Amino acid sequence: MSYRPCIGLEVHAQIQTASKLFCSCRNEFGAPPNSQACPICCGLPGVLPVPNVRAVEQVIKTGLALNCEIAPFCRFARKAYYYPDMPKNFQISQYEEPLTHDGSLDLDVNGDTVRIRIKRVHLEEDTGKLIHGTNQSFVDYNRAGMPLMEIVTYPDFTHPDQIRVYLHTLRDILRYLGVSEANMEEGKMRAEPTVNLIDDETGAATPLAEIKNLASVKAVCDACAYEIKRQQAALEDEEQMERQTRRWNDEKQITTPMRVKETSDDYRYFPEPDLVPMVVEQPWIERLRQELTELPHLRRRRFVEQYGIPEYDAEQLTATRSTADFFEQAAAKHGDAKAVSNWVMGDLAKMLHDHKVALEDCRVTPDRLAEMLDLIRDGTITGKIAKDVFARMFETGEAPAAIVEAEGLAVISDTGELEALVAQVLAENQDAVDKYRAGHKKTKGFLVGQVMAATKGQADPKAVNQILDQKLEG
Ligand SMILES: [Zn+2]
C-alpha cells in the first residue's frame, strides 16, 4: 500500500476589536454572564446587524499576510444551526463568497521549506457558551456575536511536525498583526484537523475524520499522529470506515467517534438577507497593506542572515514584535549582535520574568543595554560586574556609566594598586605559595580567586595573572 497522510486544518481565531461583530456590545472576556448581550447578539425579532469595519480589516490584513486574494465583492451567509448557545438558530458566517481566498504560507520544517496552501480566511460570529450544572444548564451570551476568523488550509499537511510549525507560525503572525492573541491554551485560537489517507496512484482514499476537542498545539499534533495510525490499521484490517467527527481524549491519547460528520448541505447556507454585500475597493486594500509589518517568520530568516546569529536566537527574539524591535535597536547601537542577543534572551528575559514586567514597561532601553555592552567590550567593567550594573539599571533606569562611576565598579587595572594587593594575598596564603613552588601549579587558580574576591571581582584578571606569575616565579 502506498497511502499517504493528507491533513487539512481549520483554525478559528478570536479577533481583537473593541466591540462585537454586528452590535456595539464589548468584545471582552471576564464580564458577569449575560452582561454583554443586547437584542442584536441575542437575535431578538426586528433587530438588524451592522458589520464592524475593524473586524473586516483584521481579516483583510490576515489574508494579505497569508498571500491571499482579497475578494472585491463578498457576502455574509446564514448557517442554519439549532442549539441553545445561539438563540437566532443560525450563525452569520461566510460561505461561497469569503472575504479572502487562495493564499499560501511557507514553513521551515526541519530544514525544508514546505508550502501550505490557504483555501480561505473568512469572518463569522462566535456562539454563546453553555455551562452545565448537575441538574440544570445555563447559557451565557457574552460570547455570542464576538468576531471570529476562520482560516482554512487545503489538505497539504503530510506530517504532524508541519502542523506544529504551521500553528506556531500562524500564532506569531496573528500576534504581530495585532489581529488576535491566538493562544490555544486560553481558547483564543482553536484548530480542527481533517485527516485521511490517500493512495496517489489509484486515487483511493479513506473517509475524512474531523477531530475536535483539541486544546493545545501538542494535542493537535498528537491527535493527527494517532488518527493516521488508526486509519492505517483499519485499512490493513479492511475495516469499514465512514466520514466521522471524532473527539480527542488527551488523557488516553486516542480519538473516539462523536457523530457522522455533517456535510455543508446539512447547514442549508444561504446569503444573509439582513446584510448588504460588501465591496472591498483597491485603495482600502492598499492602505491595509501599508500597515502590515514585517512578519515574524520572514524577520526570523533575516535575523539569521543579517546578524549572523543562530536560528535558535532568531526564533526566540522574533517571538514578539517588541523583543525583536528591542534587539534590533540595541544591536544597531552596539554592533555585536550575538552579545546583544545573549543579554536579551538571558539576563533581560529573566529580570522581566522574575519582576513580572512587560518589555514595553522596562526601564532598560535598547540604547542603555548597548552602552553597557560597550563598557564590557572596552574593558571598563567585567562581565561579572555587568550583571550587577544591569540589575541596577533594571531597577532605576540609570545610565550604566553613571552606575559604574557612582559605585566605583570600574575594572582595577592600575598596576601599582594590583601589585600591592597581590603581595598582601601572597603573604596571607603562604601555604598555597609553598605548594605552588613545590610544583602544584593549579594552586595559582586559587590565588587569582583570592585577589578577585578582595576586589569584589573588579580586578583586571589578565593583569592579576601577569603580576602573580612574576611574583611566584621570582
Ligand atoms: Zn450585542
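These legends walk through several close-up views of a predicted model.

**View 1. The protein is split into three assigned domains.** Domain 1 covers residues 3-284, domain 2 covers 294-407 and domain 3 covers 415-473, according to the domain assignment. If you look from domain 2 to domain 3, their C-alpha centres are 34 Å apart.

**View 2. Here is an open sheet built from 9 strands.** Reading across the sheet, the order goes β2-β6-β7-β10-β1-β11-β12-β13-β14, and the pairing is mixed. Which strands sit at the edges? They are β2 (69-70) and β14 (254-260), and each of these pairs on one side only. Helix α1, made of residues 53-65, packs on this sheet and touches β2, β6 (100-109), β7 (112-125) and β10 (147-153). The direction of α1 makes about 165 degrees with that of β7.

View 3. Spanning residues 160-176, α2 lies across β1 (3-14), β6, β7, β10 and β11. Against β6, helix α2 runs at about 115 degrees.

**View 4. Now follow β11, β12 and β13.** Strand β11 (residues 189-199) and strand β12 (residues 209-212) run antiparallel and are joined by 2 bridges. One spot to look for is Thr194, which stands opposite Glu210 in β12. Then β12 pairs with strand β13 (residues 244-249), this time in the parallel sense, over 4 bridges. In that pairing, Lys212 stands opposite Arg247 in β13. What handedness does the β-α-β unit of β12, α3 and β13 have? With helix α3 (residues 217-236) as its helix, the unit is left-handed.

**View 5. A second open sheet has 3 strands.** The order is β5-β4-β15, and the pairing is antiparallel. Strand β4, residues 77-80, pairs with β5 over 4 bridges in the antiparallel sense, and Lys79 stands opposite Gln91 in β5. On to the other pairing: β4 and β15 are antiparallel too, over 2 bridges. There, Ala77 has Pro271 in β15 as its bridge partner.

**View 6. Helices α10 and α11 pack against each other.** Helix α10 takes in residues 383-396 and helix α11 residues 400-407; they pack at an angle of about 115 degrees, with axes 10 Å apart. Their crossing is right-handed. Zoom in on the contact and you'll find Val389, Arg392 and Met393 of α10 meeting Pro400, Ile403 and Val404 of α11. How do these contact residues divide by type? The tally is 5 nonpolar, no polar and 1 charged.

**View 7. Helices α13 and α14 make another packed pair.** Here α13 (residues 430-437) and α14 (residues 443-454) pack at an angle of about 150 degrees, and their axes are 9 Å apart. This crossing is left-handed. From α13, the residues making the contact are Ala432, Lys435 and Tyr436. Their counterparts from α14 are Thr443, Lys444, Phe446 and Leu447. Sorted by type, the contact of α13 with α14 has 4 nonpolar, 1 polar and 2 charged residues.

Note on methods. Residues are numbered from 1 along each chain as its sequence is written. This is a predicted model: local features need pLDDT of at least 70, side-chain atom pairs count only at pLDDT 80 or more; totals for chains, interfaces and linings use all residues. Domain bounds come from an automatic or database domain assignment. Axes are lines fitted to C-alpha atoms, for helices over the stretch in contact, and angles run from 0 to 180 degrees between N-to-C directions. A crossing is left-handed if the near helix is turned anticlockwise from the far one by less than a right angle, and right-handed if clockwise. Two residues are in contact if their C-beta atoms, placed from the backbone, lie within 7 Å. Ala, Val, Leu, Ile, Met, Phe, Trp, Tyr, Cys and Pro count as nonpolar, Asp, Glu, Lys and Arg as charged, and the others, Gly among them, as polar. Two strands pair if DSSP finds at least two bridges between them. A crossover is right-handed if, with the strands pointing away from the viewer, the path from the first strand over the helix to the second runs clockwise.
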